[in-house]
Amino acid sequence: MTPWIRKLHKWVGLIIALQFVMWTGSGLTMSLLDHERVEGHHHQTSHAHEPPKWPSGTLAPAQIVAAVKTPVQMIEATWLRERPVYRLTNKAAVWLVDARDGAPARVDAHVASAIAAADYRGDGRPGRPDWLSKANLEARGHSGPIWRVPFNDKDATTLYISALDGRILERRNDTWRIFDFVWMLHIMDYTGRENFNNPLVIMAASGGLWIALSGAWLLVTSFRLSEFVPARWRSARELTVFELGGAKLRSLEAHAGDTVYVAMARNGLQLPSNCGGGQSCGLCEVRVRGTAPAPTSADRDHLKGSRIQIGHRLACNLAVDQDMQIEVSGGANLWTERVAKVEEVTAVTPFLREIVLVPETAPGPEFQPGSYLQVHVPSYTVQRHELEPPAHHREDWATLDLPETLANKEAVRRSYSLALPVEKANGRLTLLARFSPGRPHKKRLPTGKGSTYLYSLSPGDIVRFSGAFGDFAVKPGEREKIFIGGGAGMAPLRAMIHVRLDAGARERIHFWYGARNLREAPYVAEITELAQQHPNFTWHLVLSEEAEHGAGLLKGLVHDATHEHLLRGHPDLQACEFYLCGPPAMLAATRKLLDKLGIPEDSIAFDDFKI
Ligand SMILES: Cc1cc2nc3c(=O)[nH]c(=O)nc-3n(C[C@H](O)[C@H](O)[C@H](O)COP(=O)(O)OP(=O)(O)OC[C@H]3O[C@@H](n4cnc5c(N)ncnc54)[C@H](O)[C@@H]3O)c2cc1C
Ligand code: FES
């Protein structure tokens, strides 16, 4: 039930989100406005004084009633300014007669103005009264002709006086007008501003009630019972961990309700993760043996449909409710921390830095092009000057406005792909890291924890890591290969291209790489040379910033350019393999394009760095 409730919660929320903002905003405005000012009391004289004594010699009410020709239901003695009058009422009308002679007493403009002036307190003076044959929006709810008397004060005070009996009907001013406007937004009656039962407000309120109820349901279901019970009081479960499609690695004791990710970490098996179990990086993938629980939206967001079908799930979202068997890739790398020494750090572009590591133990066969290391980022404090770029990049860094001190308070792990085959690098591990500058200007967001750490390294420093992990790899065989990338996506694609060319590949290999400008494109000379040495390898640099376009460079977005110049006219796209890696927007656009071109899912391999 939860998935459809979540969906409906989301869509209903989207539809009435604006009204929610209006309700809260208008409610807040109304509660902030001074009620005395809204009512116009601050411009009203005090009426505490006694009314004048009723004069002698006036006609008796019975005489008045006998004299008028229409039936009278009620008669009241009152004053019209200094004039004693009787107020007569019947079903159809209200009128005044002079108490002394029974003559009709009219409320003309002069009288209305005098009544308004007598009621008013402040710097303003009454303007010429306007005759309204019926109530306008400000005097709504009253019947009969009305005098509107404006005052020239800064609150634009306006008094509404009944033209039938001289009563003050309303005292309006600019504070009331603001109140009235937000009241209209609040009750969603955009014409009369009175009807609290209009269909719009009923619909929106029903939607709001749905949001509140479904939100409460989703909140309750988002908790696991285990979160309320300490681990030692929960029953024990056995979690058996196998190599993917292979041998048993370990049997672990878990507590009912733990996630697989937590249970493994507690037993020293650390699955790859960039988000620390937050269901947002997609790296902690495992396969459930037997029947897997229904996939969650987080599983669907991060894992391919074909994998979900065969039982792959995110370990940080998979509860150990009963004894469970799972398969993981990575083997002993899950519990082994490795050590390497930094040999060289090179600023390849202003914000891409190559870091060459010499590992203490020789890398195994899992260190394939496309695989990544999990760098163990310690807590640290570094000074800005420790990240100092070379002189020719200083201008670019000056635009970042970094704080003097950059700190990371808790150890985390971050993934970095091999940027060169280890064999080609004589057993060294080559990384290419992009700097995550945060957002220095508006609300200062911290620089990336992992990338700042890597940028603080210098030759001789020790780095700890685990891995290699990952299944992004060149497939065996000689199908034509098309690599499309951008940003730090250069790292795995470069390593994969090198490994194929070094192996004497005969298939056609294309590399399309997008950068903003030539300055930000890494390894241009190296890859151009590869293209000159290998007739089956072509490469195209696509620049998105027009200013720097030079001869031979393509302009635009890399997926568009690849489509325009290669895919559109390709005789047999179905026979090709695609390898993608780059910024999220580029990756999404390229995958959408390939989908549109009918390229099957299993011909496309990609790595999503989420940066
Ligand atoms: C399989 C894989 C391979 C990868 N390979 C590479 C690679 O080869 N090269 C490479 O450069 N990267 C690679 N990455 C990405 C890398 O792992 C990191 O995600 C990347 O370096 C950013 O991490 P960070 O710790 O620097 O930034 P984080 O600390 O994770 O922050 C990320 C961004 O969020 C911002 N941020 C931080 N805190 C907040 C906050 N409170 N509110 C809002 N925003 C905030 C930061 O400013 C930063 O811009 C890979 C990722 C994966 C999954
Ligand atoms: S640990 Fe990041 S999604 Fe599971």
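Helices, as the term is used here, are DSSP runs of H or I with at least four residues, strands are runs of E with at least two, and both are numbered from the N terminus. In this predicted model, Y523 sits in the loop that runs between strand 22 (509–515) and helix 13 (524–533). Although Y523 is not a glycine, its phi is positive, at about 55 degrees, and with a relative accessible area of 11% the residue is buried, since buried means under 20%.

R193 is likewise a non-glycine residue with a positive phi, here of about 60 degrees, and it is placed in the loop between helix 5 (174–187) and helix 6 (199–222). The relative accessible area of R193 is 16%, so this residue also counts as buried. As background, most residues other than glycine have a negative phi, and most peptide bonds are trans.

The largest nonpolar core has 31 residues, and within it L357 and L373 touch the most other members. Elements that each supply at least two residues of this core include strand 13 (338–349), strand 14 (352–359), strand 15 (372–377), strand 18 (412–417), helix 11 (449–455) and strand 20 (462–469). Apart from this core lies another, of 29 residues, with A488, A505, L543 and Y579 among them. In soluble globular proteins, nonpolar side chains tend to be buried together.

When neighbours within four places in sequence are left aside, the contacts of L373 include L357, F367, Y416, L429, L431, F465 and A468, and also R414 and S415. A468, which lies in strand 20, is joined to G467 by a cis peptide bond with an omega of about 10 degrees.

## Packing of helix 14 against helix 15

Helix 14 (residues 558–567) and helix 15 (residues 584–596) pack with their axes 9 Å apart and at an angle of about 30 degrees, and the two helices are therefore roughly parallel to each other, the cut-off for that description being under 35 degrees. On the side of helix 14, the contact is made by V558, H559, H563 and L567, which meet M586, A589, T590, L593 and L594 of helix 15. The residues of this contact divide into six nonpolar and three polar, with no charged residue among them.

D119 belongs to helix 4 (residues 109–119) and counts as buried because its relative accessibility is 3%. The side chain of D119 makes a polar contact with the side chain of R171, at 2.9 Å.

Key: Residues are numbered from 1 along each chain as its sequence is written. Chains are lettered from A and ligands numbered from 1 in the order in which they are written. This is a predicted model: local features need pLDDT of at least 70, side-chain atom pairs count only at pLDDT 80 or more; totals for chains, interfaces and linings use all residues. Side-chain values use heavy atoms; hydrogens and water are left out. Buried means under 20% relative accessible area, exposed over 50%, partly exposed in between (1.4 Å probe, protein chains only). A polar contact is a pair of N or O atoms within 3.5 Å; within protein, one must be able to donate a hydrogen and the other to accept it, and residues adjacent in sequence count only if both atoms are side-chain atoms. A nonpolar core is a set of buried Ala, Val, Leu, Ile, Met, Phe, Trp, Tyr and Cys residues joined through side-chain atoms within 4.5 Å. Contact means heavy atoms within 4.5 Å. Axes are lines fitted to C-alpha atoms, for helices over the stretch in contact, and angles run from 0 to 180 degrees between N-to-C directions. Angles under 35 degrees count as roughly parallel, over 145 as roughly antiparallel, 65 to 115 as roughly perpendicular and the rest as oblique. Ala, Val, Leu, Ile, Met, Phe, Trp, Tyr, Cys and Pro count as nonpolar, Asp, Glu, Lys and Arg as charged, and the others, Gly among them, as polar.
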